[in-house]
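Below are my notes on the model, as numbered points. Please read them with the structure open.

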Amino acid sequence: TLRQGDIGGFGAASDFTWQVGGGLEFQITRWLFSDVGWRYLKYDYSSGGFTNKTELNGPFIETGINF
């Protein structure tokens, strides 16, 4: 089971941003893995009259190499 999340921004690169995700991880070979799951991301940014409030969610597939 794959679960991850983070919170950030706090006035640095954005006012507030966070994401959560969950899914399954498959170890294909000793070095190769793949993750499948769902991720939700919320981004909130305002500066000088410009505002970007984005919410994204959907499935993901990730493949990687373990060293």
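1. In which strand is the place of Thr17? Thr17 sits in strand E2, where strands are DSSP runs (E, at least two residues) numbered from the N terminus. This is a predicted model, in which local features need pLDDT of at least 70 and side-chain atom pairs pLDDT 80 or more, while totals for chains, interfaces and linings use all residues. Residues are numbered from 1 along each chain as its sequence is written, and side-chain values use heavy atoms, without hydrogens or water.

2. Thr17 counts as buried because its relative accessibility is 16% (buried: under 20% relative accessible area; exposed: over 50%; partly exposed: in between; 1.4 Å probe, protein chains only). A polar atom of the Thr17 side chain lies 3.0 Å from the backbone oxygen of Lys42. Beyond neighbours within four places in sequence, Thr17 is in contact (heavy atoms within 4.5 Å) with residues including Asp6, Gly9, Leu41 and Tyr43.

3. Strand E2 also holds Phe26. With a relative accessible area of 42%, Phe26 is partly exposed.

4. Phe26 belongs to a nonpolar surface patch of about 1,000 Å², whose other members include Trp31, Val36 and Phe67. Such patches take residues with over 30% relative accessible area and no salt bridge (a Lys or Arg side-chain nitrogen within 4 Å of an Asp or Glu carboxyl oxygen), with nonpolar side chains joined within 5 Å. E2 (16–27), E3 (32–47) and E4 (50–65) each supply at least two residues of the patch.

5. E3 and E4 run antiparallel and are joined by 16 bridges; pairing requires at least two DSSP bridges. Phe33 has Gly64 in E4 as its bridge partner. Two residues lie between the strands of this hairpin, and Gly48 takes a positive phi near 55°.

Key:
Patch = residues over 30% accessible without salt bridge, like charges linked within 9 Å, V, L, I, M, F, W, Y side chains within 5 Å. Areas by Shrake-Rupley, 256 points an atom, 1.4 Å probe, with all protein chains shown as cover. Helix = DSSP H or I, 4+ residues; strand = E, 2+ residues; numbered from the N terminus. Polar contact = N/O pair within 3.5 Å; in protein donor to acceptor, adjacent residues only side chain to side chain.
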